[in-house]
Amino acid sequence: MPISKLPFELLSRIADFLLFNDKASCTLVCKRWTTPFQESLWLSFNAKSIGRVTDLCYIVINLTRKFPGIIIGQTLNLTGHTTLTNWLQADVFRAFVNLRNLSITSIYLEDTDMDLPKYSGPSESLTSLRLGVLTLPWTTSTPMLIKFLSRFPNLKEIDIFPNSSRGAINFDMDNFNAIYKAVPKLKHIKARVSLTDIHQNAVKIIPSTIPACFVTSLDLEIVNRNNVWLYYLWLCYFSYKYKNLRTLKWMASCNSDESNIEQYIEKKGLLLPSITTVLPHLETVEFCTADRSEWSHTAFWDFICQPGSRIKNLKYKAMHRIHNESYPKTVISQLVPFFSKTLKTLSMEGDISFDIDNTIRPEFCFCPQLVNIEIKNCGVSIALDSLLNNCTALRQLKYCSGILYIDPGAHGTTMQHGLQRLELENVTTSVPVFNYMSFRCRRLKLMKITHSKIYGTMSEETRVMCIDMSYTNLELLEFEFVQFYSSSERIEENAAVNLVLLSQLIDPLPQMETMDSGNVTSIIDHIGWFHLFCEQDFAFDYTPKTRKLSEQEICTTLDYYKGVSSTEATDMQEEDAYFDEQTFKESWKKDLCRGYAELRCGNVIQNKKKSFAAVIFSISCIWKVVILRSTPWEQIHQLKETIYLCLLTAYVLFGKDLFTENELLYTYMTLS
């Protein structure tokens, strides 16, 4: 089907993914494209000043009169600064009668009478509001903010944040209660606020707080550092106020002097007995802190880990290294077991530098529903065999900065596992890990390894270090800045293996129940030979380089390993004629003597997804090597959007039969 004859619905769907200028260009392609792209163009408006907003109001009024059947202006983004008075005088909602989403980057909420007859009344259509409030140290804008929110009774989502580092939006319990009265239909709250002190007399009335039953998502970033007891009191208040929460995102730090800690330990259980189950509907928890002590962590998890909690998605992030570096082990060993029956996704991110000689090795408990694990910079090592045995439903593993290993007794009879995606970054691991993984994880489709080190044993006869993944049929394989070493005791430049062979099997291996069922031979197809080397393209450039060997160099390499022993001296004058001029010959000879690493995968799957994976690789290479070096910069953006539009059209037409949405996003990021 020609692209000019795509259905109206399909063009409208494509238009939702394009930028404003690209939509405008598409309206001029042909008459068939004018209406769908024009409608999408009119749904969203951007303005850099309140004066531009006034002009847009005039445009929208005229468009509404000219096209009465078309919905115009559902989204408005004001990136410039304005005041409350100027905003009210612009009379936006008289023109944007269908406005559903409003974003104002900076507004000063001065004391103004918003009920004057010259201003339009409340807006019934607005459901989402993002507001950057300009605050000053000597003023408080919270009462005016709540009064401004009351003009939108049907609001379901709010995102409030201070636009100035000199001030803060102070909130107390009365302010949260007032927001509930002003906007009773609110479902999602996101705010960056400063929480005030809770008076001792107010602590007693926390259990009698009127709940906001519609709120299901609370995302708070607390900018001030309260003491640990007040920190805990606010958590208790929110558990009474928002009983139906399903998502809680909490970013805060607390002071941890000895008097506050003693008060917290003594009083922390006073409020909770009156709660039958703390947040019984809570499913997703994201906790982030910049606290260097462990008390903000302890207080938060003391609150969350209550009987009846059924957390499904858990995300933990420590922005600074805490004094107790074994705390990540505590989270895995003690916190994860508390939600082991319900946990589906686990994400942990710390600030611990990777030290191969100083890593902790926590033990994962049995988590039958855990499908996604992401661990980054936590200073922990992972036993792959134990992880696969305890997380039987695991489908995706992302691991950064650590050691991936298997226990010596992991061989023998092993049960097959359904792991499909593996991403490793700055990880030290061994060849047996990949051999073990290939045998157990035969459904593995994507493997991405970057800035990592792999060590193994070099064969004395063939001078090859074989990474045998013959049971694995990968759809996408990505190796970037990976270094190979012939000894686990010498992970240094002198032990590096700089020649790499990527190969695959012609015929698939037969099904075997154990890894020790004997050696099964199969015909091997060499996909490509690669040479790893370091060469400075500019000052302070220490990035390893990779190049593919030419056909002549491959012949020379094969002849060398077939006819030359690793301990014999040989005359390399004939071979020197085949060497590439861009490679240092002495370094090449040295790399040949060290042997080579072979990554051997199973048979390549011949389907559309595999073809698309090859398309992604080709686009990436062409884009980075050819286009960015030879195309004028003003034409690059237009070319990028053209390629992406074609892929987007194919995705809408054929869906997941051709490629997945993640692969589409990967391509877009590659082009960017």
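I began by noting that the expected span of a helix is 1.5 Å times one less than its number of residues, and that helices (H or I, at least four residues) and strands (E, at least two) are DSSP runs, numbered from the N terminus. The model is a predicted one, in which local features need pLDDT of at least 70 and side-chain atom pairs count only at pLDDT 80 or more, while totals for chains, interfaces and linings use all residues. Residues are numbered from 1 along each chain as its sequence is written, and side-chain values use heavy atoms, with hydrogens and water left out.

**Whole protein.** I found 21 helices and 28 strands in the protein. Of its 672 residues, 50% are buried, where buried means under 20% relative accessible area, with a 1.4 Å probe and protein chains only.

**Helix 10.** I looked up helix 10, which has 14 residues, 228-241, and reaches 20 Å from its first C-alpha to its last, close to the 20 Å expected. This helix is mostly covered, as 14 of its 14 residues are buried. At its start I saw a side-chain oxygen of Asn 227 reaching to within 3.0 Å of the backbone nitrogen of Trp 229.

**Arg 547.** I then turned to Arg 547, which I found in strand 27, residues 544-548. Arg 547 counts as buried because its relative accessibility is 13%. The side chains of Arg 547 and Glu 553 are joined by a polar contact of 3.1 Å (a pair of N or O atoms within 3.5 Å, one able to donate a hydrogen and the other to accept it). I also noted that Arg 547 and His 531 lie 16 residues apart in sequence but 5.5 Å apart in space, C-alpha to C-alpha.
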